[in-house]
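Colleague: Please walk me through this model. Keep it short.

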Amino acid sequence: MQTLTYQFPASRTTRRRTHIGVVASGDLEVLLEEASDADIAEVRVRTSVDGFDTVWHATLERFFTHTPLAGRWELNDFGATPAVVTLRLRQAAEAAQ
Amino acid sequence: MTSVASRDWQQILARRSFLEGDALERASALLDPDGVAVLCGPFDRIESPWLEPQGIVPQADDGVVIARGTLDGRPAVVASIEQGFQGGGTGEVSGAKISQALRLAAESSRAGTPTAAVLLFETGGVRLQEANLGLNAVAEICSAVLDLRPLAPVIGLVAGEVGSFGGMSIAAGLCTRLIITPQGRIGLNGPAVIEQEAGIDEFDAADRALIWGIDGGVQRAAIGLADKLVDDDRDLIRAAIIEAVAGGVPPAGTHRSERVDVLGSRLASIDPRNAPAPQDLRQLWGPAFEPVNGAEPATAATSSATASRGRLWLTALAGVEPVAVIPSVLRADTTDATYLAVVPDPDNPFHRARNGEVGLTESWALAAAIDDVIASNTNRAIVAVVDLPSQAYGRIEEMAGLHQAIATAVDAYHRARNGGHPTVAIVVGHALSGGFLAHGLQAQQILAVDDPGVEIHAMHKAAAARITLRTVDELDELAKTVVPLSYNVRDWAQLGLCDGLLKVSDAEHPTAEDIDSVRSAVDVAIAAARSGPRDLSNRLDSPGALANRRASRAVRDVMSAQWHSTERP
């Protein structure tokens, strides 16, 4: 298991805290809450699979470039592929705005 | 029941699956849409404190959704297990969430708002990464089901995917009504575990027809171990739950787990040396949970003479020669206490229960002996002398429903405790898994002898290592820091479940002083049980719980506050 933290610039605000997904095989849960700082998306990833720091960074960077949603993001991952990660992030963003 | 085959294709296409939803979707599908409140939800962040130190990613709600609302206008709380997270395994937090929800429903019911509980069983059993705390959580859930059941209906549902296995199936066996789908399975020991413990001849875990033939919803309903078979359809399942809740609380003595007579008669009707096939069992037992004509359990029995710690300590503590309820269950009465132990019986007709395991007839015999004590109209104490390797892992056991048999024993211990019989357990040897749930964990006071031969756990070490994909060495290493994983009784005694760790000079060959000191500790425990609470709440307030069950206590406090702030007028 590995814990990774990232920050991305953001411009939109989270209106509703949101919970999406399950820590199930090939899946992840996303918790998104408003944070005090409106310009930053703070992301903490806990993943069961070690060594994918670069892939996580690339996946998250692409998402936050497209969806610069500020807030405190917590991802609890159980081996989701980048596509599933992006899907869950989009679901969370849609529900939170 | 309307089977899928008998419905036309438009109905089939319009059907919305229940079991494909996640835990929250399933809970929401049952409750009335307005005013559903999720308690101890993900943003309360009471996650398992034991997983991250083992390198396992936790889930924010620990895989159980507690949703409070109404069911066709009647107050209800739903506990929905997320099967995707750790196989729906019961951990400290997820277990505490279920037992506290049941406790709060009972509290509201007593205060004049009968509040039903619906439990969605999708679980492989105790989460072995939290072993002893998971096992205890199951015991507390069983007790909480039984505390609520006389006040408001507790409805169990086994929908599918994972099914219901392990200790939680005992809780399912205690429910007012149990609803199952054809996809659902319920049993105590899962097929893979039986194959691992007893070999492929005993149970071929790859044989799906065999698995559903024994554990499947159709079979369980056909032999009366489930009350209703419903297709996987949100509307049908919701309607079945509403109907079951509307049925109210049946009279005391009529619940399946209270029918010691039915269990005894059913077991007497089968010959384990020439066991019927699951299909034949449908004819023999039928869907009504009633005694089988002409089948009475044998009463006169002589015990085998096989030496065991259980027999030794039972005889020593009671100070009289025990009598055999059946050859593998011994009873010894003093003037004010009845001592019970499960002992090895090499001639046990149930071949998977020859080494002191708690099997079908052992569960029945314990329940029958306890009922006999209750019928004596005294306030005689019950002392469980515990030395058992586990529950019995076997095919006949699952076919006949070992989870239901153990539920009968658990119900009897609870009935005695609630009726004012102080209940005490004294662990003198092994106390593992479902065996300990049946015989020991419902006691108000639990004592253990401080000896390397005393081992308390959710599963024996080799199996626990295999199932959690570790080596035994890795497991031992982790157990040094993760207290509930430890096999050392001194660590177990730190969990807040132990009311006395008793020093003896020799647990195998106790001296007169050893026996005297343990006997006086048992007497002290009986007195404490007599004056203490009749439920298991003291386990959350013990000094050990303050240190090692902080998460359980947080669940209790947070859920209680949320429950009372969402109180309906």
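Modeller: One term before we start: two residues are in contact if their C-beta atoms, placed from the backbone, lie within 7 Å. The model is predicted, so local features need pLDDT of at least 70, side-chain atom pairs count only at pLDDT 80 or more, and totals for chains, interfaces and linings use all residues. Residues are numbered from 1 along each chain as its sequence is written, while chains are lettered from A and ligands numbered from 1 in the order in which they are written.

Colleague: Which elements do the buried residues of helix 2 of chain B pack against?

Modeller: Helices (H or I, at least four residues) and strands (E, at least two) are DSSP runs, numbered from the N terminus. A residue is buried if 20 or more other C-beta atoms lie within 10 Å of its own, exposed if 12 or fewer, and partly exposed in between. In helix 2 (residues 23-30) of chain B, the buried residues are A23(B), L24(B), R26(B), A27(B), S28(B) and L30(B). They pack against strand 2, strand 3, strand 4 and helix 9 (234-246) of chain B.

Colleague: Why is helix 2 of chain B described as largely enclosed?

Modeller: The criterion is burial, residue by residue. Helix 2 of chain B is largely enclosed by the rest of the structure because 6 of its 8 residues are buried.

Colleague: In what order do the 7 strands of the open sheet in chain B run, and which are the edge strands?

Modeller: Two strands pair if DSSP finds at least two bridges between them. The pairing in this sheet is mixed, and the order is 1-2-3-4-5-6-7. Each edge strand pairs on one side only: strand 1 (37-39) and strand 7 (228-229) of chain B.

Colleague: What is the angle between helix 3 of chain B and strand 3 of chain B?

Modeller: Axes are lines fitted to C-alpha atoms, for helices over the stretch in contact, and angles run from 0 to 180 degrees between N-to-C directions. Helix 3 (residues 92-110) of chain B packs on the sheet, touching strand 1, strand 2 (64-71), strand 3 (74-81) and strand 4 (116-120) of chain B. Its direction relative to strand 3 of chain B makes about 170°.

Colleague: Which residue of strand 7 of chain B is the bridge partner of I179(B)?

Modeller: Strand 6 (residues 177-180) and strand 7 of chain B run parallel, joined by 2 bridges. The partner of I179(B) is K228(B).

Colleague: Which strands of chain B are joined to strand 11 by bridges?

Modeller: Strand 11 (residues 381-388) of chain B has 8 of its 8 residues buried. Strand 11 runs parallel to each, with 5 bridges to strand 10 and 6 bridges to strand 12.

Colleague: What is the handedness of the β-α-β unit that contains helix 13 of chain B?

Modeller: A crossover is right-handed if, with the strands pointing away from the viewer, the path from the first strand over the helix to the second runs clockwise. Strand 10, helix 13 (residues 360-375) and strand 11 of chain B make up the unit, and it is right-handed.

Colleague: At what angle do helix 10 and helix 13 of chain B cross?

Modeller: Helix 10 (residues 260-268) of chain B brings V260(B), L263(B), G264(B) and L267(B) to the contact, and among the residues they meet in helix 13 are W364(B) and D371(B). The axes come within 10 Å and cross at roughly 145°.

Colleague: Is Q391(B) buried or exposed?

Modeller: Q391(B) lies in the loop between strand 11 and helix 14 of chain B. Its contacts beyond four places in sequence include L188(B), E357(B) and S433(B). Because Q391(B) has 31 C-beta neighbours inside 10 Å, it counts as buried.

Colleague: Which strand of chain A gives the most to the side that touches chain B?

Modeller: In total, 16 residues of chain A are in contact with 12 residues of chain B. Strand 3 (28-33), strand 4 (40-47) and strand 5 (71-77) of chain A each supply at least two residues of that side of chain A. With 3 residues, the one that gives the most is strand 3 of chain A.
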